[in-house]
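Open your viewer and get ready to select residues as we go. This tour moves from one stop to the next and says what to look for at each.

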Amino acid sequence: MLITNKENLVKLSVAGEIAPPLVIPGAYRVGRNGRPYVLPGTGGICFNVRVGDPAFGWAADNLHPGVAVYHSDRMINEGLNYLACIGNQAVVTSGDATGAEGVVVGKHGFVAGFGLLTLPYLIVDFRTEILDKLSIGDKVQIKSYGRGLEIEGYPHIQAKNCSPELLDALRIEPVETGVLQVPVVSEVPVRLMGEGTDERSERAAQSIMTGDMETIKELGLSSLRLGDIVALLDQDHSYGRSYRPGAITIGVVVHGDSPMAGHGPGVTTLLTCATSRIKPVRDHNANIVRYLGLA
Amino acid sequence: MEGGIDMIETNRDKLVMISVAGEISPAWYQKGKPYIVSSKGEAKLVPMTGGISYNVRVGDSALGWVGDHVEPGVSVWNPDEQQRLALNLFSCIGNQATAMSGRAKGAKGVVTGDHGLDRVLIDFEPEILERLTIGDKVQIRGYGIGLQIKKHPEVRVKAVSPDLLERMVLEDENGVLVVPVAGVVPPEMFGSGLGFLGEGGDFDLQVPDDETLAKHSLENLKLGDVVALRDCDTSYGNEYRPGAMSIGVVIHTDCYMAGHGPGVTTIMTSVKPGIKPILDKGANIAVYLGIRNLPA
């Protein structure tokens, strides 16, 4: 077990509400091949897609599993999005499901001008029977816990958006001096990493571009599931998201594919190293459904 | 022209020339923050976008400045959001700009880039810069949107004036479009702008280190350089697409922030073969537009 500073981290309330889905004025978004479309995308309660389901194939754009939670006040929303971590406990604090508990399973950004949510938001998983009691607008509070997390002896590896519980569950093994081995479902080359590269790595997600499905299939990425742990090669997410040869980042797949150019399944950052001292090892069971007991 | 190489034919006689206008933007800084954070975790306080850049001009190096997203020459914007969108979407590189108010009223400049759906960059002669003031009105003859190369409907032409395109692109005897470029950029360097619309703005190249620049012979990258983006489709948004090719112009300087770097406004793109870049270190709009000779 890794030794961390988790006893020194502050557990702090952040809160938002279930976000409504939006459609751009004029309705059409334009896909990568110039074809206009209207599809469900971000926001709302997604009743039939849950973390663990496929990331590809849905008739949707940037679809999130479960529930989208944001705060309509931009500043308050920043607190919600920057402090909450994957694996944090959520609780419904208004409406018919008051008291029901969920888990943060993703963080997603926004793209101005596309008619998706215009604010970053959290993706929260609830059990299916709870979804039927939830309403758009219900308040959701989260015990944010994980910001500032450090791994003793590994100052060159930064944890981002990762709750201490999830870090412990990732089955990380020290393999040689200064190197941590992390089980991942797939490895993603830097040339496929798209939208989100100019976002802070402490919130939102970065898209795996799917303009060329042949490449996606060749690399085995077309079978990715929501919640899968993946390695992003030559990606340094230490202070934002940048291309750095030899760097490596570990993240979790949080939302589904998209017809928009530069978009595709989104990956929220969990661990990053500016040099090659994270070693990914293939394991098709590396998914947060298993790690966080979401079945 | 050499044997077998011809000028391209376009639909320029059918394009509409339309006025768009803005004003010289003040130098801009982030709200409430004295520092920007670099990709290496350094806190930096440096000039950024906006204003009149007196000593950074098209033809100068795009690298090494103590600044972030610095715009050469004059940065023009429009405070009204919808007018700003029109200003950026209809202004094409090579279009004529005119100062419409202030001490340089009547002075002519030329569009050298569209930046971030937000600002249009204009080159004026150095003696004109001395007479310009932040807030001066600048009007542009927007001309080039909808431009097509007659035998190449598969190529999307974007944000470039017909005159400039005709100087930059030739057609060989096999019908291939030949474009002299100062460099070819590989897909791993694509950065901010991925996932955004490929219209009225730019697309940043990430520069992680000197080795990467040297590996791709980009260490002398200049503002105004015409570059090829390999495996890049910017038809309806910017993204990686094996086999695609985009041609663009370097419009602003390198950056400290993660995911950012020299910005490129794309002017041609095709997902099918048909654009053939050939290396020519003199492929720069400063030369094509008669702005200046390149520094040695």
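**Where the two chains meet**

Colour by chain to begin: about 2500 Å² is buried between chain B and chain A, 57% of it on carbon and sulfur atoms. Buried area here is the accessible area (1.4 Å probe) that two parts lose on being put together, summed over both. Before going on, note that this is a predicted model, in which local features need pLDDT of at least 70, side-chain atom pairs count only at pLDDT 80 or more, and totals for chains, interfaces and linings use all residues. Residues are numbered from 1 along each chain as its sequence is written, chains are lettered from A and ligands numbered from 1 in the order in which they are written, and side-chain values use heavy atoms, with hydrogens and water left out.

Across the interface, 31 residues of chain B are in contact (heavy atoms within 4.5 Å) with 33 residues of chain A. Now select Y236(B), E239(B) and Y240(B): in chain B they lose the most area to chain A, together 24% of what that side buries.

**Into the cores**

Which residues have the most contacts inside the largest nonpolar core? Select I229(A), L271(A) and I288(A), which hold that place in a core of 86 residues. Strand β16 (residues 242-255) of chain A gives the most to this core, with 6 residues. A second, separate core has 33 residues, including L121(B), V181(B), I247(B) and I267(B). A nonpolar core is a set of buried Ala, Val, Leu, Ile, Met, Phe, Trp, Tyr and Cys residues joined through side-chain atoms within 4.5 Å. Buried means under 20% relative accessible area, exposed over 50%, and partly exposed in between (1.4 Å probe, protein chains only). Helices (H or I, at least four residues) and strands (E, at least two) are DSSP runs, numbered from the N terminus.

**Rings and charges**

A search of the whole structure finds 1 aromatic pair over all chains. Show F190(B) and F203(B): their ring centres are 5.4 Å apart and their planes are at 55 degrees, so the pair is tilted. Rings of Phe, Tyr and Trp (its six-membered ring) pair if their centres lie within 6.5 Å, with planes under 30 degrees apart counted as stacked, over 60 as edge-to-face and the rest as tilted. F190(B) lies in the loop between β14 (183-185) and β15 (192-195) of chain B and F203(B) in strand β16 (residues 203-204) of chain B, so the pair ties together parts that are 13 residues apart in sequence. Both F190(B) and F203(B) are buried.

Move to chain A and select K11(A), whose charged end sits over the ring of Y145(A), 4.8 Å from its centre. K160(A) lies over the face of Y239(A), at 5.6 Å from the ring centre. For a charge to sit over a ring, NZ of Lys or CZ of Arg must be within 6 Å of the ring centre and within 35 degrees of the ring normal.

**Last stops: loops and a strand**

Select N95(B), in the loop between α1 (81-90) and β7 (96-99) of chain B. Is N95(B) buried or exposed? At 3% relative accessibility, N95(B) counts as buried. Beyond its neighbours within four places in sequence, N95(B) is in contact with residues including F90(B), V111(B), I140(B) and S161(B).

Finish with two positive phi values. A27(A), not a glycine, has phi near 75 degrees and is found in the loop between β1 (12-18) and β2 (29-30) of chain A. D231(B), also not a glycine, has a positive phi of about 60 degrees and lies in strand β17 (residues 226-233) of chain B.
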